[in-house]
Structures are given as C-alpha cells and as structure tokens.
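This report covers selected local features of a two-chain model and the contact between its chains. The sequence and structure come first.

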Amino acid sequence: MGKAVKIALAGEGGQGVQSVAQIIAEAANEEGREVLYIPNFGVEQRGGVSVAFLQIGTDPIGSPKFQKADIVVALSDRAVIRTRQYVDEKTTFVYDTSIEGVEEELPKNAGRILGIPAIEISKNELNPRVFNIIIMGAVIKATEVVSEDDARAALEKKLGYKFEQNPELRELNFKALARGMELVEKAR
Amino acid sequence: MAEKPIQGEKRVFMTGNEVVAWAALAAKAEIMYGYPITPQNEIMHYWTRLAPKFGKRFLQTEDELSAGFTTLGGVLAGRKAFTATAGPGNTLMQEPMSMAEMMRIPSVVIIQQRGGPSTATVIYSQQEVTMTTYGGNGEGLRVVYSTANHQELFDYTIKAFNTAWKYRFPTFVLGDGYQAKMRESLTIYDPEEKGLEFVPTETFLGKAPVNGVKQPVHLRNTYNTEEELYEVITRYMEEYLKVAPEIIEHREFSCEDADIVVVSHGVVSRAAKVAVQELREEGLKIGYFRPVTLRPFPAEELKKVAARAKTLLLVESAFGQMAKLVKDAIFGSTVALENLFKPGVGITSEEIVVRVKEIEKGALAK
C-alpha cells in the first residue's frame, strides 16, 4: 500500500498558501490521484498563520490532518515556528531565505532543510504577484507528485480568464513555476 | 430552469459543504431554512447560489430555533424542506426537532460538528453525538447517519430525505468540520437515473376537501393526561423498534478472527480503516467495525463481533459519547473495552496503530 505524500504549506495571510494548495490539489485530482486538501481555520479573521494540509496518494486518504509531513514549506518566521511540530527525521523542510534571523528557529530534527530565495526572486526578477506560483513550483519539484505539464494545465484552468486578457501573465506564471522548480533542484 | 441539476454522472472535487448543497438539489429538496454558523455556512452559501437556477428557495431566519420551526412549517405545507447547523446551533435545533418527533413530522437536518461545549472551536469534533442521537426531551425518535467521506455525504444526504418521509422521524446527517471544509473527489449523479425512487411528500395542513368535505388534520404535541401520552409514546416506540432493523447500517471487515476490533464512526473511521489495514499487513489480528447509523445503533451486529473478539478499542474525537452507545448496545458481553478518546481534535492512523500495539503488548505481558 503506497503511503500518501503529506504536505504542509504555511505562511502569512495573503501569501497565497491556500490557493497554491488548492491548485496543486486540483492538478493531482485531474491526474486521477487520490487527493485531500484541508485549510486550517479558526475564529481569527486576520493576522493568523495560514496552514494548508495536502495529501496526495494512490489509495483513499485516511484522516484529513496528519502528525508529520513529508514536505513542510514555511514562508514567514511565525510559519516556521508553527510548523515545526509537523517535522520529523523524514521531513524535507523548505523555508524562504529572506526571513530574517530564522536560522535559530529551523527544526534541527528535519531530514533535510532547503532554503530558497523565493521572495527575493519574485521581487527582483519576476513580480511579487507570482510569489506563490514560485512556491507552487518548489512544492511540485520537492514532492514530485504532479508533473510540470499538469501544473501548467491547472494554472490555465484557474487563471485562464486572466491569461486571455493579458497573455504576458501566462508567460510570467509559467516562468515562476519553472523558477520555483529550479530553486529546489539547486538547493538539493 | 426546469432542467435537472445533475445530468448523468460527474466526478467532482469540492468541499463537503458544497457536496451537501448538490445532494439536496439532487434529492429534489425545495427549500432550505437556515441561520449561519461555522463550519456549515457554505451549505447555505452554495444552496443560495445554486437553488434559484432550479426554482428552489431559501429563507434565512433569526436563529436556529426559528430555522428548525420554519423547516417544520415548510414540511407541513407540503414542501421538501431541510436545514443545516452546528455546535450551539445544534443545541437550539433540539427544541424544534423534539416537536418533529412528537408530531411525526419528516425533516432533514445536516450537522457539521464543531468543538464544544459552548462556542469552543469552529473547527472540528465528534462531540455532538449524544445531542444528535438523544438531544430532545424524549426518547430519541430519530435517525442519525454518521458519514465518513464526501461520497457518503452525497449518498446519505439524498437517503436522509427518503428515510425521513418514509418513516416520519426527523433524520440527521452527522458530519463534522473536517468533512465540511476539506476537498476530495466524489461522483455526483441524478438519483432517479440510478433507479432510486423518491418517497413523495404530502401536504399535512391545508389539504383540499375530499368530496366537498374538509377532513380535519390533528397533529399534537400537547397531551392532557399521563395515560394519553403514554399510549402514544408506547405506540411510537413500537413502530420505531419495528423499523429499526431496516434502517440500521454498519461496515465491518477482518472481524472474523480478530483479537482486537477497532470501533469508530464518521471521519475517524477513515484513520481506523488505514490503521487496521496496516496492522493486518504486519500480521496482527485486528478488525474494523463502524456504525453508520448511530441511532438506531447496530447493536446486534456489534454484539456478534464482541462475542468473538477479546477487546474492543473505542476511538472517537469525544470523551466517550460513541462509547456510551456501544456499552448500551453490547450490555452483557464480557469483551474488554479500551479507548482512545481525543475530544475536539482529529485522530490519525498512526495514533491508532500505537494504541493497538500498546494493548497487544499489555495482553502479552499478562
């Protein structure tokens, strides 16, 4: 029985972790995989750390949340602290290198820690708007649960109406996806 | 507008709340009455988006007491009506649903459990089992289906309408915040295309005269004497117990030779299933038992399992609410009972595996 890949994505509200998780979930579902995605939610309306729990496998998924993740992606200092609980020696922990002074907080028990400069690249090289798509690229490369083609198709499905109005957006998003994959490749 | 909401079969990927709205449409529900409360809000959000396209209606009331009573009013007027709620809203819903029990008004209520008591969390629990099964000031004359995945949420929401109208007991679909908010795939379909026949609704009040004579309809929730009430309740209980075997549903596997049987319901049974499959692969004699109907409870079915097993491990996201139903059902059995109670939080297969191994180890040490 193949175990599902367990992914926890965490960031500040507005960093788009939930939409990234949802697009990946839909892409994997389109591939015919068993997928379960659930956001954390509470009574806070603003200012909380947002966590997305995503599981992708070949057999029906068990419980919606999990104790330890195969991949954790944390995009802010608070997200790093919040998601340490999902880490064990098998976990690949991905964080953004522009988070200041976070080195001390990184989970020392992680199987592997990958720092990627996604925030920096989105600002200097691409566009801050596609930051979460870089993260999406990083996640699909780190987990290898969805192919780049299917990820592109999922983006097309989700953002196609915007791409129609402005074809440059398509290029920008696809470039961000590829760049995110590259970052993980290099960090390995 | 008269087109069917669902043509043929369709594989979809959506949240549980959206699933419920589609299922109510598929079941030909005509109106939803409701009051917002997390985590079930999106049922009414999706319903209000979808329903007008098919000539269906929605009324937001001032609270859950009113949502429950207006649902019953809609049913009395001959409409296929339903409502949905959670947590403290479920507490208020018990008053109108008690009236439904007393007056035998068919009604469908979807519950997405959240943490309790009181406001607690808006997220998840299995702490509304006692209230949903026996919450009214009466004998629990109702049906409760506990679902575990989106396919079941769709199937049992449709089924609930038929159960309610066939037997005239209020019928609950008991989900939870996880099922409400998570996304997974399922197949939605038109039930009639699959050969399912809907039990017709009827107008209880304001019926047309027969041969020019108006027939009085007498639905009571008030009785003058103890004896009068006793007679009615005795008759209702007899009817309930008679139809219970037709309504009862459960799932089990690997129980034939099992030493330990994991008993769980709802979303927790997903983790239990994975745990039992893994432990079986390791060669341990473990079984799986899951009541789908919590009321009426599959007592005879569980008794048979308890007679063969050494231990039942009761697992739930509450502090023993399902366990009470189990103990009542298997009274007289000498099977050992162990538990994994985690009120208000989710339970993973890993935790169940650890607990089973602890019990195994303890048994060996003896």
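## Backbone features and chain contact

B:Ser118 counts as exposed, because it has 8 C-beta neighbours inside 10 Å (exposed means 12 or fewer other C-beta atoms within 10 Å of the residue's own, buried means 20 or more, and partly exposed is in between, with C-beta atoms placed from the backbone). The model is predicted: local features need pLDDT of at least 70 and side-chain atom pairs count only at pLDDT 80 or more, while totals for chains, interfaces and linings use all residues. Residues are numbered from 1 along each chain as its sequence is written, and chains are lettered from A and ligands numbered from 1 in the order in which they are written.

B:Ser118 is not a glycine, yet its phi is positive, at about 60°. The residue sits in the loop between E5 and H5 of chain B (helices are DSSP runs of H or I with at least four residues, strands are runs of E with at least two, and both are numbered from the N terminus). B:Pro117 is found in the loop between strand E5 (108–113) and helix H5 (129–134) of chain B.

A positive phi of about 60° is also found at B:Ser254, again not a glycine. B:Ser254 lies between strand E9 (250–253) and strand E10 (260–263) of chain B, in the loop. B:Ser254 counts as partly exposed because it has 17 C-beta neighbours inside 10 Å.

| Cis peptide bond | Omega | Loop holding the proline |
|---|---|---|
| B:Gly116 to B:Pro117 | near 5° | between E5 (108–113) and H5 (129–134) of chain B |
| B:Arg295 to B:Pro296 | near -10° | between E12 (293–295) and H10 (299–308) of chain B |

In chain A, A:Ala153 belongs to helix H5 (residues 148–165). A:Ala153 is partly exposed, since 17 other C-beta atoms lie within 10 Å. Which residues does A:Ala153 contact, leaving aside its neighbours within four places in sequence? They are A:Ala27 and A:Glu30, where contact means that the C-beta atoms, placed from the backbone, lie within 7 Å. A:Ala27 is 126 residues from A:Ala153 in sequence, and their C-alpha atoms are 7.5 Å apart.

Between the chains, 19 residues of chain A are in contact with 20 residues of chain B. On the chain A side, helix H1 (17–30) and strand E2 (34–39) are the elements that give two or more residues. E2(A) gives the most, with five residues. The residues of this side divide into twelve nonpolar, five polar and two charged (Ala, Val, Leu, Ile, Met, Phe, Trp, Tyr, Cys and Pro count as nonpolar, Asp, Glu, Lys and Arg as charged, and the others, Gly among them, as polar).

How values were computed:
Two residues are in contact if their C-beta atoms, placed from the backbone, lie within 7 Å.
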